[in-house]
Structures are given as structure tokens and as C-alpha cells.
Amino acid sequence: MAAETVLKENQGCVDACTECQQACEACARNCAQDAHMAECTRLCLDCATICAACVTLLSRGSQWAAQLCQLCAEVCEACAAECDKHDNPHCRQCAQACRRCAEQCRAMAG
């Protein structure tokens, strides 16, 4: 399958992962300033990392992309749940991006 076809088929998931990665990085940066937000910071960094890996594998049409996307969906849900515990704009934005990403990753993996 041509790379262009692979990317077009997975574009929604790639876009959601990219958006989630950016939201998680921003959330982690903001949460890192507060010692009480350590778990949120850690989960956001983990989520950003796995989202970036998903974009890479999806873009190259890797045979492992579906499995990684399934794991990514789980990490995104955990990150969203943690961000929901905190009442600030960056956590709300991150939680929304994580949920969209989880939905797209599950659809891609399914």
C-alpha cells in the first residue's frame, strides 16, 4: 500500500494524536509548576510520548500501529480522567483532546 494511501486512511487518528500530544505537552508544562500536580504532569508526558509514537507508526504504515493505538487509547483515557480532577483551562483542554484521541485510536485499532 502506498504511503499516501496509508496516511489518508489514518489521517483522523494522526490528527487526533497530534492535537493530543500538543495539549498534553502544554498541560504538563503548566502542571509541572505545582508540586500537587505531579501525577497529572507524569500522565500528560506519558500520553504525549505515546501519541507521538502513534503518529510515527501510522505515518509509515507500520504493522504495529493498531496495537500501539489500542494502548494509546488506554493512556489517553487515564490522562483524561486525571485532568478531569483539576479545574483549570489547560487540564480541561487536555482532557478533551485525550478523549478525541482515544476515540480515534480505538476506531483505528478496531
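This is a predicted model: local features need pLDDT of at least 70, side-chain atom pairs count only at pLDDT 80 or more; totals for chains, interfaces and linings use all residues.
Trainee: Against which helices do the buried residues of H4 pack?
Mentor: The buried residues (under 20% relative accessible area, 1.4 Å probe) of H4 include Leu68, Cys69, Cys72, Val75, Cys76 and Cys79, and Glu82 is also among them. Taken by contact (heavy atoms within 4.5 Å), the partners of these residues are H2, H3 and helix H5 (89-109).

Trainee: Which helices do the buried residues of H5 pack against?
Mentor: H5 has 21 residues and reaches 30 Å from its first C-alpha to its last, close to the 30 Å expected at 1.5 Å a residue. Its buried residues include His90, Cys91, Cys94, Cys98, Cys101 and Cys105, together with Ala95, Ala97 and Ala102. The helices that these residues pack against are H2, H3 and H4.

Trainee: Are H2 and H3 roughly parallel or roughly antiparallel to each other?
Mentor: Helix H2 (residues 11-31) and helix H3 (residues 38-60) have axes 8 Å apart and pack at an angle of about 155°. On the H2 side the contact includes Cys13, Cys17, Gln21 and Glu25, and on the H3 side it includes Cys40, Cys44, Leu45 and Leu58. Angles over 145 degrees count as roughly antiparallel, and therefore H2 and H3 are roughly antiparallel.

Trainee: Is Asn10 buried or exposed?
Mentor: Asn10 lies in the loop between helix H1 (3-9) and H2. Not counting residues up to four places away in sequence, Asn10 touches Leu58 and Met108. Because its relative accessibility is 13%, Asn10 counts as buried.

Trainee: How far apart in space are Thr56 and Met108, C-alpha to C-alpha?
Mentor: Thr56 is found in helix H3, and at 37% relative accessibility it counts as partly exposed, the class between buried and exposed (over 50%). Thr56 and Met108 are 52 residues apart in sequence, and their C-alpha to C-alpha distance in space is 14 Å.

Technical notes: Residues are numbered from 1 along each chain as its sequence is written. Side-chain values use heavy atoms; hydrogens and water are left out. Axes are lines fitted to C-alpha atoms, for helices over the stretch in contact, and angles run from 0 to 180 degrees between N-to-C directions. Helices (H or I, at least four residues) and strands (E, at least two) are DSSP runs, numbered from the N terminus. Angles under 35 degrees count as roughly parallel, over 145 as roughly antiparallel, 65 to 115 as roughly perpendicular and the rest as oblique. The expected span of a helix is 1.5 Å times one less than its number of residues.
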